Amino acid sequence: MEHSILQTVLWSYLICINIITIAVYGIDKRSAVRGKWRIRVSTLLGLAAAGGSVGALLGMHLFHHKTRKKKFTIGVPLMLAAQILLLFFLAKAGLLFLA
C-alpha cells in the first residue's frame, strides 16, 4: 500500500512539474517576442532538472523556443535521459512500478 501512495505522489508531481514547465516556456517565448521581461535561463533549466524535462522539450519544440541554445538542445535531453535512468533504477530496486 505504501508503494502505491509513493507512486501516486511521484506521478502526480511529474505531471504537475511538466505542465508548469511547458507553461513557463510558453510565457518566456511570448515575453521574448514582445520584448518584455524574461524568465531566467537558470529557472528554465531548473524546472527541467526538477523533473520537467519532458515539458521543457515539448515547450522548446511547441513554442520554437531556446532551440538554438546548446544549454537547452544538449542539456535538456541529457536531463531527460538521466531522469529516465533514475526511474529505471527505482523500478529495478522495487521502489517504483512502471507497468
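The model is predicted, so local features need pLDDT of at least 70 and side-chain atom pairs count only at pLDDT 80 or more, while totals for chains, interfaces and linings use all residues. Residues are numbered from 1 along each chain as its sequence is written, and side-chain values use heavy atoms, without hydrogens or water.

**Overall fold**

The chain has four helices and zero strands. Its elements run α-α-α-α from the N terminus. Helices (H or I, at least four residues) and strands (E, at least two) are DSSP runs, numbered from the N terminus.

| Property of the chain | Value |
|---|---|
| Buried share of the 99 residues | 32% |

Buried means under 20% relative accessible area. Areas come from the Shrake-Rupley method with a 1.4 Å probe; for residues, only the protein chains shown count as cover.

**Lys66**

Lys66 sits in the loop between helix 2 (41-62) and helix 3 (70-73). Lys66 is buried but has no salt bridge. That term needs a side-chain nitrogen of Lys or Arg within 4 Å of a carboxyl oxygen of Asp or Glu. The nearest side chain of opposite charge, Asp28, is 4.5 Å away. Leaving aside neighbours within four places in sequence, Lys66 has contacts (heavy atoms within 4.5 Å) that include Asp28, Arg38 and Phe72.

**A nonpolar patch**

Leu85, Phe88 and Phe89 make a nonpolar surface patch of about 320 Å². Patch residues have over 30% relative accessible area and no salt bridge; nonpolar side chains (Val, Leu, Ile, Met, Phe, Trp, Tyr) are joined within 5 Å. Phe89 belongs to helix 4 (residues 75-92).

Note on methods
Patch = residues over 30% accessible without salt bridge, like charges linked within 9 Å, V, L, I, M, F, W, Y side chains within 5 Å. Buried < 20%, exposed > 50% of the residue type's maximum accessible area, 1.4 Å probe, protein only. Lys, Arg positive; Asp, Glu negative; His and termini not counted.
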